[in-house]
Amino acid sequence: MTKEKSEWFDWIKECGNRRKLYIYLLGILFICIIIALHLPGAYYHRAFTHEDFKCKKGTNPFAVKEEDTESEGVFMEGPGMSFEKGDYLVTVTYAANSDKNYLSFETKIRSETVEAEAAYMLPANESWGTAAIPLHLNAYTEKLNFNIYYGGSGDLNVTDIVVDGLDFRPGDVLAIGFLALFFYLLAGYALVLRKMRGGVFPESVLLFLAAALSSYPYCSGSLFAGDDISFHLMRIAGIRDGILSGQFPVRIYPEAFYGTGYNCSLYYPDFFLYIPALLCLLGVSIALSVQIFGFLIHLAAAGAMYYAARKLKASKTAGLVSAVLYVFSGYFCHNLFFRCDLGESVAMCFFPLVICGFYAAVFLEKNEWGSLCIGMTGIVLSHILSALIAAFLLLVFGVCSWKKVCRKKAFLALLKSAAASIGLCAWFLAPFLEAFQIREWTNIAFMMKPVDNNVIEVGRIFGGFEGGHSKSLGMALALGTILSFYCIFSADRAENRNQRNRILVLLAAGLGTAACATAIFPWDVVMNSMILHDIVALIQFPWRLLGPASAFLSLAAGLAAGELLKKISPKALLSAVFMICFTLFAFRVDTYIYQEEEIYMRHGDALLETEVAEDYLFRSTDTQKLMWAKPEIPEAGIELIRYEKNGCNVNMEVSAQAGAYVDADLLLFTGYKAFDDSGNELPCTFGENNRLRIQFPAAYEGKVLVRYTGRLRWRVTDGVSFFLLLFLLASRICRKKQDSGSRSGRSVHSVRI
């Protein structure tokens with residue numbers, strides 16, 4: 001028997017017997033069959049009922065009778081949905097005794113995308129009937145209305161309008177099936193390891209379980225309407241469309257603001273949003289891609305917290321307690337489900353790494369600066385305001401422990417971490433700093449808020465059960481804080497003093513940071529400072545400090561649980577923590593999301609709107625005029641022969657005299673360039689409503705290409721970050737090989753002795 005077959009039969013024995021293995025394999029087959037059965041239904045389907053329409057005529061909102069009205073006109077006005085490119089079938093169920101009624105497709109935004117007649121007549125019928133109308137969209141179409149017009153005679157009663165997409169879209173079915181199969185295989189793997197290790201589940205399985213339980217509100221067919229959901233969906237779609245238009249990294253979102261573009265990526269880092277954007281490119285709907293991304297955020301947060309706790313000398317079970325408390329903490333859940341702030345939620349995944357990295361570099365004096373580097377890099381590339389908060393906290397802790405920071409090993413570790421983090425983030429920081437210099441001309445000034453007016457009440461730091469989407473640490477961390485205090489003031493305090501000191505420092509840091517989110521901190525004095533005013537005003541809301549505070553308190557509670565494990569059963573403690581956190585979180589979610597929040601987007605729906613917050617546009621931009629933006633030329637001196645737009649790229653053919661111009665349907669952002677047939681660059685300036693204006697200094701006849709190129713120095717920083725990443729990865733691999741080689745050498749040497 002070969003070695004491979006021997007290992008295979010050993011694995012079968014670990015499963016118990018072949019019958020169990022066959023049952024397990026049948027489970028895999030069952031999942032595959034379920035996926036195959038659902039694939040034929042991988043088409044868009046949406047039924048619009050009376051609740052989705054605005055009724056203009058008739059005493060009855062469901063019908064209009066001839067005796068109730070004397071004029072024709074709009075009877076039912078559609079909801080203004082958005083649809084992806086493709087073919088659709090629109091089916092109207094209605095009853096009418098006149099053939100003068102009709103259905104029309106209308107959109108005021110890029111109406112050329114709708115290939116349909118102006119109106120489709122609805123034939124008279126004796127009773128209920130249907131009318132099936134084809135609809136072809138040659139591009140993404142925004143705010144498309146299905147309007148029912150009353151012809152002025154007879155009765156009309158409309159039941160619903162059903163839209164069926166005729167294009168096969170298996171992305172969502174395959175993605176959900178892949179996740180189901182992955183978790184099934186993971187469960188089987190865990191069961192084998194459980195038998196091999198004497199009944200102990202691997203920690204990774206428990207982290208997956210914590211992430212799955214804490215992210216269960218995403219296990220539905222729709223997304224809920226959180227505060228910032230439209231903004232972040234636009235960013236994800238912008239990355240997808242930017243990649244399709246030839247950008248990488250994406251600096252301009254091509255379809256934002258009705259196809260005129262948005263330079264949000266220069267100000268708001270979107271590195272981690274490439275994950276849901278790539279899922280969209282693979283055919284997954286934008287709603288499901290966000291749900292998958294939400295689960296990955298929970299998993300990353302749990303893994304980072306477990307790793308940080310272990311670095312702080314906690315046991316495995318104590319690390320799991322920290323991870324569970326963190327992903328079930330109130331502010332973490334509030335950020336992801338109620339605010340839908342994907343950037344700040346991702347940043348919270350890296351706070352634990354910053355804490356343990358600083359501890360390892362300064363207090364353990366090890367050459368382990370990687371955790372701090374990864375933590376700060378992750379925060380900078382996810383949420384710039386969280387990066388400011390993290391940098392400020394590091395400065396405070398550095399000052400408080402300045403004697404240890406000044407030691408050679410600690411100082412060099414911090415210096416390496418800072419240099420590597422800046423180098424890895426250079427591709428984002430270079431354009432960000434350049435764009436931020438002209439903030440006086442943009443709407444960023446309106447983002448600055450008086451921080452002292454947005455503090456939370458001291459009594460609301462941990463929230464409560466009385467309702468409302470409170471920004472608080474949550475009741476789970478309240479129990480964790482009580483656990484930490486109990487551990488510190490227990491009778492045997494002299495035992496393991498170092499660990500208790502860590503708990504005390506983490507607890508003080510967590511409560512102190514949380515207190516700074518209240519009126520206890522003198523925010524009014526800080527706001528009156530000429531040096532700090534602008535920076536603090538950009539943070540906007542002091543309750544952002546609850547993010548790092550949650551990390552500190554989760555670590556403190558985990559370390560405290562590790563100390564109490566010496567007195568009680570680990571399984572009992574971990575089970576209690578899971579049940580308490582799940583109960584508290586389930587109460588919050590079921591009460592506040594499923595009962596109060598409305599559905600924002602369903603699986604298969606397209607991006608609902610491309611006009612979002614105008615924070616980074618030039619102040620004089622009128623976004624309403626962009627809704628009908630078309631290429632414009634002066635009345636004389638130029639002829640626009642052909643004009644084609646694809647994302648951020650425009651191809652046109654002109655016959656222009658000297659001094660003529662073309663205003664493209666693009667907003668002018670740094671990095672756009674126009675070229676003639678010979679590759680010579682044409683000057684680009686601000687046109688009407690801050691649109692891109694191509695100037696013709698001399699008479700010209702031929703083709704013109706407009707594309708987004710960015711700046712050469714940005715490309716240089718892209719290369720710096722990329723090659724630095726390769727260098728760090730190669731150094732890490734070489735170091736691991738050297739460590740393994742030295743360990744094996746020592747082992748052989750000891751045997752020979």
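**Exercise 1. Contacts along the chain**

Determine what share of the contacts in the protein chain between residues at least 6 apart in sequence join residues at least 24 apart.

*Solution.* A contact means heavy atoms within 4.5 Å. Among contacts between residues at least 6 apart in sequence, 77% join residues at least 24 apart. The structure is a predicted model, in which local features need pLDDT of at least 70, side-chain atom pairs count only at pLDDT 80 or more, and totals for chains, interfaces and linings use all residues. Residues are numbered from 1 along each chain as its sequence is written, and side-chain values use heavy atoms, with hydrogens and water left out.

**Exercise 2. Burial and helix 8**

State what percentage of the chain is buried, and describe helix 8.

*Solution.* Buried means under 20% relative accessible area, exposed over 50%, and partly exposed in between (1.4 Å probe, protein chains only). Of the 753 residues of the protein chain, 52% count as buried. The chain has 26 helices and 22 strands, where helices (H or I, at least four residues) and strands (E, at least two) are DSSP runs numbered from the N terminus.

Helix 8 covers residues 286-311 and has 26 residues. From its first C-alpha to its last, helix 8 reaches 37 Å, close to the 38 Å expected at 1.5 Å a residue; the expected span is 1.5 Å times one less than the number of residues. Because 19 of its 26 residues are buried, helix 8 is largely enclosed by the rest of the structure. Just after helix 8, K313 takes a positive phi of about 70°.

**Exercise 3. The surroundings of S345**

Decide whether S345 is buried or exposed, and list the residues that it touches.

*Solution.* S345 lies in helix 11 (residues 342-348). Its relative accessible area is 0%, so S345 is buried. Leaving aside residues up to four places away in sequence, S345 touches I297, F332, N335 and L336.

**Exercise 4. Cysteines and a surface patch**

Find how many disulfides the structure holds, and which residues make the nonpolar surface patch.

*Solution.* A disulfide is a pair of cysteine sulfur atoms within 2.5 Å, and the structure holds zero. C264 is buried because its relative accessibility is 0%; C340, at 10%, also counts as buried.

The patch is made by L26, L29, F30, I33, I34 and L37 and amounts to about 600 Å². Patches are made of residues with over 30% relative accessible area and no salt bridge, like charges being joined within 9 Å and nonpolar side chains (Val, Leu, Ile, Met, Phe, Trp, Tyr) within 5 Å. A salt bridge is a side-chain nitrogen of Lys or Arg within 4 Å of a carboxyl oxygen of Asp or Glu. I33 belongs to helix 2 (residues 18-38) and is partly exposed at 42%.

Definitions and conventions
Accessible areas come from the Shrake-Rupley method with a 1.4 Å probe; for residues, only the protein chains shown count as cover.
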